[in-house]
Every structure is written in C-alpha cells, then in structure tokens.
Amino acid sequence: QALIVLAAWQLCGKGARSGSQARSAMLGPAKDKALLALQDGVGAVLALASSASERDCREAFAALRTGINRANAYKEAMLGFLSDVEEKQRMLSFTADIGSVTMYRSQAASVASALLSAPGWADEANEDIDLVTRLRSLSPQLAEALPEPRRPETIEPERTETEETRGPGSSRSPTSEGLPAEVSVAGEAWSATASSPERDQGAEDSATASSPARDQGAEDSPEVVEPSWAQQNLAESLGCVPATSQGSQSPDNETKETNRQLRSSFRAMEDIGYRVDNQDAAKDAFSKLSKAVNRAQCEHSRGRRQQSKPVSEDGTSPYETSGASSPSTAFVSQASRRASPVQDLPERLQGLTWDARMVLMFLFALHKARPPLRNRVLATSQVMIQIFPAICDAARSDPFITSWLRSPTKGTSDRATDAISYSLASGLRWAVWNVSWHWVNKQRGQLEDAAKDLDRFQQEEEKILGSEELPRSALELFLQAAWSAAQHTAQTRFPEQHKTRGIMGNLMGAMGFIPDAGPEKDRFTALMDQAEALEVMTKELSYNLRWMMWNLAWYAANRAKGMGHGSHASSSLITSEQHLGRCFRSGPRWRGVNLGGWFLLEPGPCTDFWTGLPPEAQACKCEWSCMEALGPVEAERRLAEHRRNYFCREDFARMRAAGITHVRLPFGYWCITGPCPGDPYVGPCLDELDSALDLIEAAGLMVVLDLHGPVGGISGEAPSGRIDSSWNPGRFDANATCQVLRIVAERYAGRFCVCGIGVANEPAPSFPADDLARYYLDAVRTIREAGMQAGQVAVLLPIFTELRAGSFKEIWEKHYAQFEDCVWEVHLYQCFGPVWNFLSAKQQFAWARKRSNLLEGLPSSCVSEWSLCLPAHNWQSRDEEAQRQVWLKFAETQLKAYESATHGWFFWTWKDSAHATWCMQQCLDDGLMQIEAQRT
C-alpha cells in the first residue's frame, strides 16, 4: 500500500516521497488514513498552478484543513515526510495568503498553528522575516508563539558613523535595527493585496533593503520583489493584480478598475432590488461586490502605507537628513499635509441611485434570506465599514444594521449563527411532528398510520439533510434527538407494559403520574448537548431548538392521550411555536407607531385636515360621510394633497431619533382597487402608497401594511371607513377583500421594508369567530401564493379584544399547519367601556401589568394599538406634575408588559392634534413616555 501511494504521488507530480518516509506513515489503520488524508491536502496545495481558479484554491485549502484535522493526533509524524525547506515555506506562505482574506483568517490561523507545531517548521519559518510578519498577523496566539522579526542592521559604505560619532538623539538609517526598510514600489503594491487589516495598521511590511546607489541618488531601477506563486494565485482569484516587473498597473489604473467593479456590483444589486429570494441573481451580485470590496481593501491598505511613509518637502525621506530628531515628529508633520489617496464610496459611485445605506440593507436582506452566505456577507460588510466612512456612518445610524453586525458573534465563535432560515426551522418542526405521531400510533397499535407518519418523517429528513445552512453532523444530531424525544414521550403516555400494571397503575399513568425519566430522554439531552458543542450556533439558538422539539413531541403524546391532558397539549404546542419563532427571527422586536389618518381618514389622527373642511364636512365622523359631504371633485383634490404631504421625511427622522423601528400603515381597499360602485371613497392611490414606502424605507424603518378598511367593512365603526349602525357581518365580502390582498402582496413582495401585512382591523364582536377563521385561512393562502413568503413577511390576524383570545387559540390549534408565520394581534386600551371608570390609577397599572399573561399565552402576538388614554377621574383632579407622573408610570408599565409579545407593539398614533395621550409625538416631547434602547 505504501508503494502504491508513493507511485501515485510520483506520477501526479505532487512531490516525491521516499519509500522509508511512506512506510513510516503506515503505523496503524487510523494513523495511516489520517496521514494519507494529510498527504492529499499537502499535495493539492503544492500542485496548484499560478493560473488556478479561486475554487481550486478553496478546495486545496479545504483538503489541507481536513488532512491536518485528521492527523492532528499524530504530531510527531504529521509532517515528517515533508523535508524540503522550500516546500515548507510555500505551504506556510499559501496559508498566510489565504488568511489575508478576512473570512478565512481564523481557519488559516488554525492551519498555520498546526503546521508550525510540526518539528522544525517554526525554525525554518523564522528565516523569512516577511513570512513571520504575515503569520503573526493571523491571530494573537500566533503573534505570541512566533518571535517578533528583527531586520538585520545594514551598514552603508558611505555612512560608517557609529553611535558614538552620531551622538545621542541623532536619527538612524531607515535600514537600522528597529525601523522598516524602504519598500519598493512593486513590493508595496503586492503587499496591499496580501495583507490583513490588522497587519495594515500595525505590522511592518516586507521590504527590500535600500541599496547604496539608491541612497546616493542614483537613478538605478529598484529591485522588484516578485510575488510568490501562492500570492499570484490568490490575487488573481480575488480580482487583484499584484505589481510585478512585467505589466504592473499604476495606482490610478488600479483605482479605476476597482471603481468599475464596484459600479458593476451596485448595478447588479439595483437590478435585483431587495428581491434576494432570486438566489442565483443575488449570489452573483454579492460575488461581484465581494471581489470589488477586496480590491478596495487592497487599495485602502496601500494608501495607508503610502501615507505612513515619511516624506519631506523636497520628496526625500526625512530620515536621510541629519537634522531629523524623531521619526514620529517627521511622520506627523508631513503625513498630515497629504490628502488620502483612498476615495470614499459616494465618490466612486456618482450617478448611481443607491447610497451607502441601501447597500447595507441589501446585505442585511441577503444575510437573512441566504443562511449559507451569512459568514461571507458579514465579513464583507465589516470590511466595507472599515474602509468606507460613508458605510460606517450609515451602519452607526441604523439600529437594524448595528444589532445585525453585533449579534452573530456575541458571546460565540465566529462560525456560530444566531438564527436559521424559516425553511429549515419549519422543516425541523414537521420532522418532529411526524416522528412524534409515528411513535404515538405505534404505541397505540395503529401500525398503518404509523407507517405513513414514518414516510413523511423520512421525506422531511431528506430535505433537512440537503440544507447547507448547518453542517450535516449537526442536522443529523437534531434528527436523532427528535426521534428520541418522540420515543420518550410516546412511551411515557402509552407504555408497552400497561396491560400488566393493573387498574391503579393504569389510572396513575392516565393522570400523568408516571415519572418523566428514561434512557431516551437522557439520549435526547446528550444529542442536543453534542450539537451545541459543535459551536455552529449560539446558545440561544440551541436552547430554542431544544425546547421547540421537546414541547412539540409532548404535544402529540398529550393530544393523543386526551382526558386530562388536553390543556397540557395546548400549552406544549404554544410553547413550541414561541421557540420556533425565535429560531428564525433574530432581530429586535417591533417598536412602532401607527401612521393613522394618512390613507384612511379619522377625525382624531388627522385633526388638521378636518379643521380645514367646510362646516358640513367638519361634522362628519368618518371618511365615508366626509367624502359624501365634499363631493367627488373637491374630495379628490383635498385627498391628493393630504396623501402627498401629511407625513414627510422629517417626521420619519424624528421617529428614528426617538427609537422607533417600525411603523404600521393603515389603508382602505379603495386605495388599491378604487371604490366599489356606490362607495364615495377616492382611489386608487398606488403611486402615493409607493412614495410613502419610499420615505419609510429611506428613513431605515420597517412597515406593516394594514388593511383597515376591507370591502364591505368588518365593523360599523370609523376604523373600517364608515360609521353605520345597521352594519352586519353579511356585508363583508371575503372574496373581494382577498383579491385586494393579492394585489398588495404581488406589488410589495420585493420591498425589503415590508415585514408584515394585516388582513383586517378590529372585527366587530358580532362577527362569528368561525367565519373570521375561514377568511383568515383564505387570506393567508392568498398572500403566500402572491409572493410574500413565510419567514420574510408575517401575516397579522386580529383577535382585537382579549375576550376572544381563547376562541382563536382553539382555531389556531385546529388549523395549525395552515397558519404559517402568522401573528395574532390585539388592541389593548383601558378607556373604552364603563368598567374602566371604576378603577383607580393604581388598579389601572396593575391591570396593565397582567396583560403580559395574555401575551405569553398566545403562540405569537403583537400589540398593534395602545395609548396613554385613561378615564378622566384617574388624572383630572391632580396637579400638572402629578398628572405627568400618572401618564409616565402608565406608559412604563405598559411598555414593560408588552415586551412579552413575541413580535412587539405599535402606539396609536404619531399625530393627533386634539388628544395628547393619543399622540406619540407630543407624548415624547412632553416627557410622558420614554422608549428604552433596543434589545435584540
């Protein structure tokens, strides 16, 4: 076997190995396989040609990593077969070059550490000063392990002065010990393409020593440092061209090429917009951007080094003059007068419509929608923040971007992810569901149903194992854990020995008194611990996956058992759904405000509009009657101006400054399709709605589109568009309303700022829950078919008041599979109805605190409307400061309780000139409420 290996290596040209060296590797089956894998990796690296593609480089590096990981247990013999000094340096140089790319730095550092741990490698690496410098920049551990390189002192023939003749305080030659040698133009151009940000900021660059002729002013061409084969290969794969003696590019030409590539990548992103669900186009655009950013990073690094080179007024090095007393003084005085050669992003992209923030939002959307690209997207974003001030400013000013850039690495390794895609989370959910019912039916003796459930589980298993988001080893552990959880819960509720336990034993088992313990539970715990130990996900994500699977398995067992376990089953399913949501939603909760009175008129939110109407229209209390009073021509004129100007850029800037992250935009069906025959509404106004979303998106806010006024109305109140005491549920047209939702979903499915869509608002208490449920199911199906996918856009379904929460929880459980990524919304006011008039302020606060119990009992929840309005007796008899304290306490209590909502909250509303406690803008100005900093 050793001879076969030796012959194969000789025929492939991957480096000769002597027979004794090959035989020494054959020290046992495990060691043999490990060292052969290592030989494959080393051979793959050494076989790379200078024209190899980026893919070849990645594959060779992956093979090297695999071989080193497998052979790491045999350190003594690991690299004994590689004795050639040049080959050793090539291996280390290749690893250092790979590590110059930010996303591969940690992996390259681990490979370099393993290589340097082999006998003799560290000593021979120290012979190359530039190589040691590059290796030290990969990680703090390597910087500690390798001694700092010290360049040999060069004594120039013409300048033989010693320390005594020079005197204290005199400057030393740039080639003296402790100072970097003068860098040649070619060497400097290459070092930009192969250096990391840490090295750019602090490490000494590789250089050629200045020749005596050049020090004397001769015009001889400087020595050119040729890039190694690995440097050339890596530079070409990243789109960078290292300067060599043949055909080197000037800095201006390189900058032009970098700008061209950046513009090309931005155009590709503009063509896509935020439709990152087009996987091929999004991946291609990101690939272009990544290469262009790598070039810009090289240019940035080169510019920093050119700035840091000390230059005197006559263009010569200040160190060459005897009067320079301090290198740092010369650097500060001369470099501060030089303009930076590095352009910021807006200068490069003049004429393009996208700005810095839009680029970050594209990367944010791509990071959310394409988990396999998350690490690369995050690395590219961090590099752009380092080299482009405009990108840095945009990131600092945007809470979404800030939390996104911080959360993936918070308390974990660089490889860990804090969320998985909805498709993978849902796939794991259905795998647990099917295997749980398989075991339940198997324990009950229903073998035919058990076989069908097993088939469905195997189908989900195949889909899950085909995912690229997490390593296959982690996915296999999840599936094994799901099997163990299902087996444990089913055998606990339906033990095989139930026939032998007797009457009392069966009764105790039915009542749930059988201890929740067993080998399968222990196995489930061990498997989930193993998955967490892989460090491919955060502890929070591991926690949520664990309890999602465990509670879902208990749901099946309890639901099948029935009797006293029905309530346990519902509770388990709700808890499982809450953990499922946290698996794919990693951003901050919604902290929002309603934009009432903009696209659906109500007297309170648009008081300014109402006060400017003729007297007969001012008496109206809803949009329907107002439009009738104005007449079609005047109504259209006034509404066109109102819709264009009611909210402006400054309003959204104030929201952002106050800590608002989301807005809820109510609208009527007539804004989409125009009014139905006989309705006096004015519409459609899709262009105005598009402009509104542009303003919201430009401000960095997310939006929930809410259909307040469906066709036929969903109540006889003003929020539906018309006050009508004769309204009844039969007037509501579910089919026509679904068509309105289809148009909205098709039109705005590609808008990244749209994170949710509401199908109705405040359904009348007389509307039967079952009829509403049928409409909700049709609306969800319509929205998903129109392009708004689960995991990207949530569908909000109104419960309205807490009195109907129990009914809708039963409906949700009954149609569990059809409510994909849906949110149950409630409106929590404490001023409507006589009951509130009998509560003191203290009792009002206590009631607000109890609202958290309601929200925790829902599978998903959002408080879509709330305010600071209280009955007059709670505050009217107090002085001004006491009134302020009541409202401040009421706001603080509600905000704390609404943190229990899985999605968040929306205050009603931003503008209301007539009522201060309904106007968030005025509440913030008057200090009646404070929004705390966001928590992810």
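**Salt bridges, cores and cysteines**

Asp-778 has a relative accessible area of 30%, so this residue counts as partly exposed. The model is a predicted one. Arg-781 is likewise partly exposed, at 39% relative accessibility. The side chains of Asp-778 and Arg-781 form a salt bridge, with an N to O distance of 2.9 Å. Both residues belong to helix 39 (residues 769-785), where they are 3 residues apart, about one turn of the helix.

A second salt bridge joins the side chains of Arg-851 and Glu-802, at 2.9 Å from N to O. Arg-851 sits in helix 41 (residues 841-856), while Glu-802 is in the loop between strand 5 (794-800) and helix 40 (805-814), so this pair ties together parts that are 49 residues apart in sequence. Arg-851 is buried, with 2% relative accessibility, whereas Glu-802 is partly exposed, at 29%.

Glu-899 and Arg-589 also meet through their side chains in a salt bridge, here at 3.7 Å from N to O. This pair links distant parts of the chain, 310 residues apart: Glu-899 is in the loop between helix 42 (880-898) and strand 8 (904-907), and Arg-589 is in the loop between helix 30 (566-584) and strand 1 (590-594). Glu-899 has a relative accessible area of 17% and is therefore buried, the cut-off being under 20%. Arg-589, with 31%, is partly exposed.

The count of salt bridges comes to 27. Some are joined into a network, which links Arg-664, Asp-706, Glu-825 and Glu-865. In general, side chains of opposite charge can pair when their charged atoms come close.

Next come the nonpolar residues. The largest nonpolar core has 167 residues, and the members that touch the most others are Phe-478, Leu-545, Met-655, Val-759 and Leu-868. What is Val-759 in contact with, leaving aside its neighbours within four places in sequence? The contacts of Val-759 include Leu-707 and Leu-741, along with Tyr-775, Tyr-776, Ala-779 and Ile-783. Val-795, Leu-796, Leu-797 and Pro-798 are also in contact with Val-759. Another core lies apart from the largest one; it has 46 residues, including Ala-296, Ala-356, Leu-373 and Val-383.

The cysteines remain. A search of the whole structure finds 0 disulfides. Cys-919 is in no disulfide, and the nearest cysteine sulfur, that of Cys-923, is 6.6 Å away; a disulfide would need the two sulfur atoms within 2.5 Å. Cys-919 is buried, with a relative accessible area of 5%. Cys-583 is buried as well, at 0% relative accessibility.

Note on methods
Residues are numbered from 1 along each chain as its sequence is written. This is a predicted model: local features need pLDDT of at least 70, side-chain atom pairs count only at pLDDT 80 or more; totals for chains, interfaces and linings use all residues. Side-chain values use heavy atoms; hydrogens and water are left out. Buried means under 20% relative accessible area, exposed over 50%, partly exposed in between (1.4 Å probe, protein chains only). A nonpolar core is a set of buried Ala, Val, Leu, Ile, Met, Phe, Trp, Tyr and Cys residues joined through side-chain atoms within 4.5 Å. Contact means heavy atoms within 4.5 Å. A salt bridge is a side-chain nitrogen of Lys or Arg within 4 Å of a carboxyl oxygen of Asp or Glu. Helices (H or I, at least four residues) and strands (E, at least two) are DSSP runs, numbered from the N terminus.
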